[in-house]
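Student: I would like to learn how to read a model like this one. Where do we begin?

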Amino acid sequence: MKTTISHLPQEKQDELNRIVTVPEETPMDKNPQTLLKNVFGYDEFRPLQQEIIDRTLAGKDSFVLMPTGGGKSMCFQIPALCFDGITIVVSPLISLMKDQVQALQSHGIKAAFFNSSISPQEENDVITQATKGEIKLLYLSPEKLISVRNTWLQDLDIKLVAIDEAHCVSMWGHDFRPEYTQLKVFRNSLPKVPFLALTATADKSARKDIEAQLGLKDSKLFISSFDRENLSIEVRGQVAKKKKLQEIEQFIERKKNESGIIYCLSRKNTEEVADYLKEDGHSVAFYHAGMNTEDRERVQTEFINDDTKIIVATIAFGMGIDKSNVRWVIHYNLPKNLEGYYQEIGRAGRDGLPSETVLYYNMRDFVLYSQFADDGANSTMQKDKLSRMLQFAEAKSCRRKILLSYFGEHLTQDCGNCDVCHNPPKAFDGTLLAQKALSGIARMQEKEGITMLINVLRGSNNAEVNAGGYLQLKTYGVGKDVSFYDWRDYIIQLANQGLIEIMYSEGSALKISPIGRKVLKGEQSIKMTLPIIAKEKNSRKPKVMKVVNQGKVNADLFTELKKLRYSIARKVNVPAYIIFNDKSLKAMASELPVTADQFLAISGVGMNKMKQYGGKFMDVISKFKTVA
Ligand code: ADP
Ligand code: ZN
């Protein structure tokens, strides 16, 4: 209700509005669209959300495949609010449960979780509340669900069951959890209740398996676009360790005070990289499976609360976090497969704001993983997936096109937000360059590696070249006009095109393949592309398409609002982004809302948050407005 007193000056009127127009408690309107706005503060459903919600409300099963950050949770949270009874959410990720429950509570929804992290007393409280019908959404780990299935859970009025991370039920997937296989019994015990299976990763064979394992009935498959347009994609190959660290440090330098994750292959690497960055004064911590639970939880919490800005982690990190303002993700090594890679970069920019991702790789990572795969289960499949990963990294065409086509989605246009689109490779006839390199390899009896070859081609007079007796070679110095780094790029291109092989088992000696011999003899020509210049890449601003149009964000106000958010988060002991995410704060810093109606119009502001925090945030904004 709005009270207007006409003779008041505008700022007084605004102040009054802030106090008296706080929306009053009304019986919850159970229309999904209204709930989306009133509870969560969003204006529109994302593609498929509405259809999934409608189908669920009609009591039918669905299978939801959406990328990380795609908005899966809304698909069961809104029906949960529409139904009279309780909704059960099964999730294997204990920390994510707490996060989601806190987020729901911040919207004024009665939610709780039940897993191994809570005390017997807390367990009892949850059971009592659930039995009394006071909880709308109850999150359980699969172990707990199995163990309480035949006790108090039986007495609840269960109206909907959501199985999150549903790929865990399939042995085809990469996170198989044995406890998940028992969910079918639970499903069969509730024949009339709709089940929702949700996941961000499942190829065709896994999908079928998941449906069967969970006992879904006539379920409909919903696949949303996997395109995350706000993520820029960049790949840098064959960068030596020292240079890689320098580049990362420069990258972070440009992203002061923004959160990011660096993924490494080994535990040792995470510690090394973290130490390197710490020495340069960055707010950074490492995280890997070798640490004890307590340390891991502490590191994770500090990251979530913005107390630590950068995490250097093995892939064990991130599964259980829902931090929406991760602004960048760097892969220090080649990931094992495109599924994992896409999921990991997907942890950036969940709030939809532009975010950057960079992948570093070299052939050594590839060889190392191939060896791991040889020893593991499903060896052939794993190696195929690894090869696809490498192909992606080495590609010279739009990366997003390649990535999405792997997930069965076909873009008709290049994305304009990846390194290849920014810097399309320029092809030229590389036959002569190739012949120089190939002849060098032949004259050194296929015994030497890349560095020696380049030194010989460039006519360096160093001790090794001398000791090898290569000063007299006919090819000595024939490639003086090409820089060391460009040669490196060209030689890798020769390897990628199958002209030479890098023998990792023989100290990385270069060998000429049959095609290479043809080119050397002039029987075949080849195309090469100009190396991409790193300097150009650094200076480029990422071009972002279709990101929500935001007015000019006032940086000072944004900082002020962040401070306020941080202090509230501290007080109520939740992660800052649970109060409001960056996107909402940015919208406030550009729209400058000072009345309740204006504030409610900000994306992410529902009734409850308006009531809880609206006044405080609007005070900061109106002060800012008077000064400005
Ligand atoms: P997922 O579970 O698929 O990884 P989430 O459900 O956590 O993704 O959603 C990611 C973010 O998108 C959350 O911050 C959520 O509040 C937001 N979101 C979901 N649906 C909408 C919508 N219709 N409009 C705006 N934001 C949304
Ligand atoms: Zn592209």
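Student: How far apart do the C-alpha centres of domain 2 and domain 3 lie?

Tutor: Domain bounds come from an automatic or database domain assignment. Here the C-alpha centres of domain 2 and domain 3 lie 29 Å apart. The contact, meaning heavy atoms within 4.5 Å, takes 13 residues from domain 2 and 11 residues from domain 3. The model is predicted: local features need pLDDT of at least 70, side-chain atom pairs count only at pLDDT 80 or more, and totals for chains, interfaces and linings use all residues. Residues are numbered from 1 along each chain as its sequence is written, chains are lettered from A and ligands numbered from 1 in the order in which they are written, and side-chain values use heavy atoms, with hydrogens and water left out.

Student: What area is buried between domain 2 and domain 3?

Tutor: Buried area is the accessible area (1.4 Å probe) that two parts lose on being put together, summed over both. For domain 2 and domain 3 the figure is about 1200 Å², with 54% from carbon and sulfur atoms.

Student: How many salt bridges cross the interface of domain 2 and domain 3?

Tutor: A salt bridge needs a side-chain nitrogen of Lys or Arg within 4 Å of a carboxyl oxygen of Asp or Glu. The rule finds zero between domain 2 and domain 3.

Student: Which residues are closest to ligand 1?

Tutor: Near means one heavy atom within 4 Å. By that rule 15 residues surround ligand 1, and the closest are Tyr42, Glu44, Gly69, Lys72 and Arg350.

Student: How far is the side chain of Arg350 from an oxygen atom of ligand 1?

Tutor: An N or O atom in the Arg350 side chain is 2.7 Å from that oxygen.

Notes: Polar contact = N/O pair within 3.5 Å; in protein donor to acceptor, adjacent residues only side chain to side chain.
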